[in-house]
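This report walks through one protein structure, a topic at a time. Please keep the sequence and the model at hand while reading.

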Amino acid sequence: MTTPPTRDRATSQPGLAEELRISIARLSRRLRTLRSPTSGDAARSPLSLTQFAALAAIERHGSMTPRELADHEKVQPPSMTRVIAFLEERGLVARSPHPTDGRQVVLNATEAGAALLSDERRRKEAWLARRLTELTEEERRILRRAAPIIDKLSRS
């Protein structure tokens with residue numbers, strides 16, 4: 001069992017940074033354990049976290065070029081090329097001609113890719129919703145206020 005943060009640690013910036021790092025890492029690890037093997041042809045090789053993140057970015061942003069996706073995910077283009085090939089091979093993303101630049105392609109999530117992401121989100125959100133019912137109304141109100149701040153930190 002973990003010990004609660006001491007008053008000094010929780011009130012200093014380094015202490016807050018430590019508490020957030022530990023808590024977010026634990027929550028992230030817990031959510032990762034909820035991943036299920038994919039169905040159909042993709043079941044031969046479940047998606048890595050990098051592949052899931054790339055697929056989610058494509059689905060969330062609509063169309064993206066491979067370079068935009070690499071930049072968004074902060075990886076080198078050759079690494080993203082391998083990720084895209086894996087996703088495309090499994091029918092989770094499709095390439096189409098760029099609307100204004102014939103030298104480029106854009107990537108879009110397929111129906112299978114969108115369904116896979118939807119299933120993952122549904123499973124993780126259901127787990128979180130169950131955990132939230134264990135909290136007090138005050139704790140849930142604090143989390144509602146903290147969520148945009150945590151999101152802001154994650155984007156910096």
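## A nonpolar patch on the surface

On the surface, L16, L20, I24, I149, I150 and L153 form a nonpolar patch whose accessible area is about 510 Å² together. Patches are made of residues with over 30% relative accessible area and no salt bridge, with like charges joined within 9 Å and nonpolar side chains (Val, Leu, Ile, Met, Phe, Trp, Tyr) joined within 5 Å. Accessible areas come from the Shrake-Rupley method with a 1.4 Å probe, and for residues only the protein chains shown count as cover. The elements that give two or more residues to this patch are helix 2 (13-32) and helix 7 (137-154). L153, found in helix 7, counts as exposed because its relative accessibility is 51%; buried means under 20% relative accessible area, exposed over 50%, and partly exposed in between (1.4 Å probe, protein chains only).

## How the model is described

This is a predicted model, in which local features need pLDDT of at least 70 and side-chain atom pairs count only at pLDDT 80 or more, while totals for chains, interfaces and linings use all residues. Residues are numbered from 1 along each chain as its sequence is written, and side-chain values use heavy atoms, with hydrogens and water left out.

## The overall fold

The secondary structure comes to seven helices and two strands, and along the sequence these follow the pattern α-α-α-α-α-β-β-α-α. Helices (H or I, at least four residues) and strands (E, at least two) are DSSP runs, numbered from the N terminus. Of the 156 residues in the protein, 22% are buried, and the accessible surface comes to about 10,900 Å², of which 57% belongs to carbon and sulfur atoms.

## The largest pocket

The largest pocket holds about 2,300 Å³ of space, and 43 residues line it, with I24, L27, L31, L128 and I150 lying nearest its centre. Two or more lining residues come from each of helix 2, helix 3, helix 4, helix 6 (111-132) and helix 7, and helix 2 gives the most, with 11 residues. On a 1 Å grid over the protein atoms alone, a pocket is an open set of points where a 1.4 Å probe fits, with protein on both sides within 12 Å along at least five of seven lines, and lining residues have an atom within 4 Å of a point. Grid points are joined across faces, edges and corners, and a volume is the space filled by probe spheres set on the points.

## T65 and P66

T65 lies in the loop between helix 3 (49-61) and helix 4 (66-73), and it counts as buried because its relative accessibility is 5%. Not counting residues up to four places away in sequence, T65 touches H98, Q104, V105, V106 and L107, where contact means heavy atoms within 4.5 Å.

P66 lies in helix 4 and is partly exposed, with a relative accessible area of 26%. Leaving aside neighbours within four places in sequence, P66 is in contact with M80, I84, V105 and L107.

## Salt bridges

Side chains of opposite charge can pair when their charged atoms come close. A salt bridge is a side-chain nitrogen of Lys or Arg within 4 Å of a carboxyl oxygen of Asp or Glu, and by this rule the count comes to 13. One of them joins R67 and D71 (3.8 Å, N to O), which are separated by about one helical turn because they are four residues apart in helix 4.
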